[in-house]
Amino acid sequence: MTRTVYVNGEYLPEDQAKVSIFDRAFLMADGVYEVTSVLGGKLIDFDGHAVRLQRSLDALDIRNPLIRAEWLEIHRALVTQNGIEDGLVYLQVTRGAPGDRDFAFPPADTPPTVVLFTQNKPGLADTPAAKVGIKVISVEDLRWARRDIKTVQLLYPSLAKMMAKKAGCDDAWLVEDGAVTEGTSNNAYIVKGNKIITRDLSHDILHGITRAAVLRFAREAQMEVEERAFTIAEAQLADEAFITSASAFVMPVVEIDGVALGGGKPGLVTARLREIYLDEVRKAAI
Ligand code: PDD
């Protein structure tokens, strides 16, 4: 089945979808994106992603070309037309294609480019990695200083991911001034006793939608949450570690820079959080 994608108001087969070579995202990474997961044919935390999209657009002074109801309609149409039971919806909004290259922004009436597509991932919530955990390495965080804006400027995270793969690991935790900021495409956590520790919100990290939900559920379940920076050395001494993102949900980390945590097996707190998270977001899915 050919995938149907959405480009600037049209639903098209993926091989007929086109974006200009002058698009600001192509030339300058001048665009933002969101990834929303789909479980059982329904969208997980759609409103969280819609709110963050607006925040990213506002931060870069890009006009939001659609209202919430339109975004929702497109997400749902793509999920239905592509028969997605479990998977992801990717959306990207760019500053548009002014027809030439210039560092200055194009005229304010240049329409933003809007692209959405689905990724089919059957059994997304039952991936074997959730049972065995993932291994991470640490690498220096060389990204720009506004990581709270979800831009398509993903070269360094991609390079860091490849460094991890080359080292026989699954992902990299990024380290700045001696402390972990986050993973290449996820937020990072450690668990010590009954306490969940994750970096506090600032310009240094993406304000994860999964992070917000997981911390809320953890607090509701009487778990202690501490939002502060931690080092790789502290993480290596933790009882458990995990990451969160819209595509990984809550994913155990069992090795950091070659040091095994919890005997190299996913921990109980992580497993419980994953279960609570998936139960709750499935109930609230739309
Ligand atoms: N990445 N930190 C970074 C740098 C990310 O790229 C992401 C998401 C997260 C987690 O955010 P959320 O819980 O809202 O997905 C944290 C997406 C999934 C991606 O780039 O594919």
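Select Thr 198: leaving aside neighbours within four places in sequence, it is in contact (heavy atoms within 4.5 Å) with Ala 188, Tyr 189, Arg 211, Leu 215, Glu 226, Glu 227, Arg 228 and Phe 230. Before moving on, note that this is a predicted model, where local features need pLDDT of at least 70, side-chain atom pairs count only at pLDDT 80 or more, and totals for chains, interfaces and linings use all residues. Residues are numbered from 1 along each chain as its sequence is written, and side-chain values use heavy atoms, with hydrogens and water left out.

Stay on Thr 198. Thr 198 is buried at a relative accessible area of 1%; buried means under 20%, exposed over 50% and partly exposed in between, with a 1.4 Å probe and protein chains only. Show the backbone oxygen of Ala 188 too: the Thr 198 side chain reaches that atom at 2.7 Å.

Next, colour the open sheet of six strands, whose order is β2-β1-β6-β5-β3-β4 with antiparallel pairing (strands pair if DSSP finds at least two bridges between them). β2 (10-13) and β4 (42-43) are the edges, each with a single partner strand, so one side of each has no neighbour in the sheet. Zoom in on β3 and β5, an antiparallel pair with eight bridges. Thr 36 stands opposite Val 89 in β5.

Now show the rings of Tyr 33 and Tyr 90. They are stacked, 5.6 Å centre to centre with 25° between the planes. Rings of Phe, Tyr and Trp (its six-membered ring) pair if their centres lie within 6.5 Å; planes under 30 degrees apart count as stacked, over 60 as edge-to-face and the rest as tilted. Tyr 33 lies in β3 (residues 31-39) and Tyr 90 in β5 (residues 87-94), so the pair ties together parts 57 residues apart in sequence. Both Tyr 33 and Tyr 90 are buried.

Phe 249 sits in strand β14 (residues 249-256) and Tyr 277 in helix α8 (residues 268-284), so parts 28 residues apart in sequence are tied together. Phe 249 and Tyr 277 are buried.

Methods
Helices (H or I, at least four residues) and strands (E, at least two) are DSSP runs, numbered from the N terminus. A polar contact is a pair of N or O atoms within 3.5 Å; within protein, one must be able to donate a hydrogen and the other to accept it, and residues adjacent in sequence count only if both atoms are side-chain atoms.
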